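Work through the exercises below with the sequence and the model side by side. Each task is followed by a solution in steps.

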Amino acid sequence: MDFATLADHPAREKVIGWYHSGPKLCGSDLAINKLLRNYIANPILVIVHINNADPTLGIPTDAYFAIEEIKDDGTTTSETFVHIRSLIEAEEAEEIGVEHLLRDLKESTGDLATRITSQLESLRGLESRLREVALYLSKVLNEELPMNHAILEVLQDVFNLLPNLSPTPDTGGVGDLERSFRVKTNDQLMCIYLSSMIRAVLALHDLIDSGIAGRKEEKKEGKKDDKKEREEKKVNGVAEDKK
């Protein structure tokens, strides 16, 4: 592998590692990573899932960092990859360019469709994370993985934040979540009902105003016609007297 091209990148950019299309770690990844250390202190391996069409995974990348694994039996240490959290973000100049580009685009979908799509993707991502948590707990229960107290503390905090779904006599026989949904639904229906009433009152008010304005116009036109008739009678009377 030729790494001479590393010197050709712009000075503002910093090379932090390398990537391949996976879809999983290969046996030669440690050798390539060790060779890359001649040019980068601590290279990061990123696997890009180019053939993954599952929208629940979010960004289709996995990042790994090589560390030395110390064995309990006292044998020689060996390197292994550890999965690390990664986040892909754009620079400020790129974000500004994308915003200007989106202003010029005229899509047929509205804001509501965009929000629903983003919420659907978020729910799919949440489902995949919950499946990972369930898989981890099942492996810990079956003693396939060691127990990690830090992870269990985080999961306990998550479970403590969940609403009470069991019905109690104090809440009228419904759980906190169901009662909250009922209150929220009633509030939304009340807003819809009041909005419909206000629109109906305003429409009737506009109808009455237009009727009153029409009657005033009819009276004005009637007065003009009466005035014209009187003037015509006067003109005809003067003409007869002259004869």
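The model is predicted, so local features need pLDDT of at least 70 and side-chain atom pairs count only at pLDDT 80 or more, while totals for chains, interfaces and linings use all residues. Residues are numbered from 1 along each chain as its sequence is written, and side-chain values use heavy atoms, with hydrogens and water left out.

**Exercise 1. Sort the side chains of β2 (residues 44-48) by face.**

Step 1. Buried means under 20% relative accessible area, exposed over 50%, and partly exposed in between (1.4 Å probe, protein chains only).

Step 2. L45 and I47 point to one face and are buried.

Step 3. In β1, W18 and H20 form the covered face, and G17 and Y19 the uncovered one.

**Exercise 2. Locate the aromatic pair and classify its geometry.**

Step 1. Rings of Phe, Tyr and Trp (its six-membered ring) pair if their centres lie within 6.5 Å; planes under 30 degrees apart count as stacked, over 60 as edge-to-face and the rest as tilted.

Step 2. Searching the whole structure gives 1 aromatic pair. The ring centres of Y64 and F81 are 6.5 Å apart and the planes stand at 70 degrees, so the pair is edge-to-face.

Step 3. The pair links distant parts of the chain, since Y64 is in strand β3 and F81 in strand β4 (residues 78-84), 17 residues apart.

Step 4. Y64 counts as buried because its relative accessibility is 16%. F81 is also buried, with a relative accessible area of 15%.

**Exercise 3. Describe the lining of the largest pocket.**

Step 1. On a 1 Å grid over the protein atoms alone, a pocket is an open set of points where a 1.4 Å probe fits, with protein on both sides within 12 Å along at least five of seven lines; lining residues have an atom within 4 Å of a point. Grid points are joined across faces, edges and corners, and a volume is the space filled by probe spheres set on the points.

Step 2. The largest pocket has a volume of about 1100 Å³. Of its 22 lining residues, D62, H83, R85, R129 and E132 are the closest to the centre.

Step 3. β3, β4, α3 and α4 each supply at least two lining residues, and α3 gives the most, with 4 residues.

Step 4. By class, the lining has 13 nonpolar (Ala, Val, Leu, Ile, Met, Phe, Trp, Tyr, Cys and Pro), 4 charged (Asp, Glu, Lys and Arg) and 5 polar residues (the others, Gly among them).

**Exercise 4. Place E143 in the chain and describe its backbone.**

Step 1. E143 lies in the loop between α3 (111-141) and α4 (149-160).

Step 2. Although E143 is not a glycine, its phi is positive, at about 60 degrees.

Step 3. E143 counts as exposed because its relative accessibility is 72%.
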